[in-house]
Amino acid sequence: MQTTELDPTLSQTLLDARKAGLTLVIGNKNYSSWSMRPWVAMTAFGIPFTEVRILLDQPDTGSRIAEYSAAGRVPVLVAGEMTIWDSLAICEYLAEQFPEKHLWPQDVAARAMARSVTAEMHSGFGGLRSAMSMNIRRHLPGRGRTPEAQGDIGRISEIWEECLSRFGHHQFLFGEFSIADAFFAPVVMRFRTYGVALAPALQAYCDRMQAHPAVARWVSEALLETETAGIHDDEIDRAP
Ligand SMILES: N[C@@H](CCC(=O)N[C@@H](CS)C(=O)NCC(=O)O)C(=O)O
């Protein structure tokens with residue numbers, strides 16, 4: 001049987017990552033909302049990993065991501081001989097691999113709802129994404145309020161209210177920190193950048209999220225970044 005080391009189609013970079021245990025390939029911490037989710041989940045749950053950061057919107061971004069995944073997107077998790085791309089697939093894989101860490105809520109009803117709101121976040125809220133892209137270091141209160149973004153803010157508020165009152169007991173969405181919170185972490189950062197006014201209970205949730213050590217570490221590392229991704233900042237400057 002041919003070993004993977006002899007497979008000429010695999011890049012040396014990927015082969016090196018395979019030897020390093022879990023390797024999470026991410027984009028800029030300031031901009032990459034998709035990367036933030038598994039990074040925050042892995043950090044919050046104490047799952048050790050090696051981080052590889054690939055700058056977005058650079059001439060070599062595509063070729064560097066292609067060394068890890070043909071899907072051409074970050075995040076990517078390299079786990080031994082497996083490559084897992086897409087933030088939700090990565091978190092589901094981790095939940096399976098570390099069942100004792102309870103990345104999803106333990107209660108079946110809470111878990112069903114956590115999966116539903118995580119999937120809704122994963123596949124929706126295009127209005128918020130396009131008009132209020134994540135840019136942690138900027139402060140742009142009032143910007144990006146398109147009707148679609150306003151609608152998304154309303155729906156997210158409704159989700160948070162329901163989760164916090166039914167399951168959250170004034171802590172995280174389902175009480176203990178879970179994948180669902182990791183998925184909404186970039187929304188918390190968007191609400192901060194764009195100065196979205198929230199009901200007190202929801203603002204308190206955002207404050208708790210920003211105080212969570214994993215989120216706080218991502219944000220402090222984002223603020224140390226000096227690179228800019230032209231497309232993202234230009235989009236913000238043109239936003240209504
Ligand atoms: N559905 C994917 C979306 C990933 C995604 O769109 N990632 C962006 C960065 S946040 C990306 O890799 N863009 C490639 C590029 O800018 O060249 C996921 O959940 O991981």
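These exercises work through the ligand site, a hairpin and the domains of a predicted model.

**Exercise 1. Find polar side-chain atoms that lie 2.6 Å, 3.1 Å and 3.5 Å from ligand atoms.**

Step 1. Apply the cut-off: a polar contact is a pair of N or O atoms within 3.5 Å.

Step 2. Start with Ser 87. An N or O atom in its side chain is 2.6 Å from a ligand oxygen.

Step 3. Go to Asp 86. A polar atom of this side chain lies 3.1 Å from a ligand nitrogen.

Step 4. Check the cover. On its own, the ligand has 520 Å² of accessible area, and the protein covers 77% of that.

**Exercise 2. Describe how β3 and β4 pair.**

Step 1. Locate the strands. β3 spans residues 76-79 and β4 spans residues 82-85.

Step 2. The pairing is antiparallel, over four bridges. In one of them, Val 76 has Trp 85 of β4 as its partner.

Step 3. Inspect the turn. Two residues separate the strands of this hairpin. Gly 80, in the turn, has a positive phi of about 60°.

**Exercise 3. Examine the backbone at Pro 75 and at Asp 86.**

Step 1. Most residues other than glycine have a negative phi, and most peptide bonds are trans.

Step 2. Look at Pro 75. The peptide bond between Val 74 and Pro 75 is cis, with omega about 10°. Pro 75 sits in the loop between α3 (61-66) and β3.

Step 3. Look at Asp 86. Its phi is positive, near 90°. Asp 86 belongs to the loop between β4 and α4 (87-97).

**Exercise 4. State the domain bounds and the separation of the domains.**

Step 1. Read the assignment. Domain 1 covers 12-100 and domain 2 covers 104-232.

Step 2. The C-alpha centres of the two domains lie 20 Å apart.

Step 3. Count the contact. Domain 1 contributes 29 residues and domain 2 contributes 32 residues.

Conventions
Residues are numbered from 1 along each chain as its sequence is written. This is a predicted model: local features need pLDDT of at least 70, side-chain atom pairs count only at pLDDT 80 or more; totals for chains, interfaces and linings use all residues. Side-chain values use heavy atoms; hydrogens and water are left out. A polar contact is a pair of N or O atoms within 3.5 Å; within protein, one must be able to donate a hydrogen and the other to accept it, and residues adjacent in sequence count only if both atoms are side-chain atoms. Accessible areas come from the Shrake-Rupley method with a 1.4 Å probe; for residues, only the protein chains shown count as cover. Two strands pair if DSSP finds at least two bridges between them. Domain bounds come from an automatic or database domain assignment. Contact means heavy atoms within 4.5 Å.
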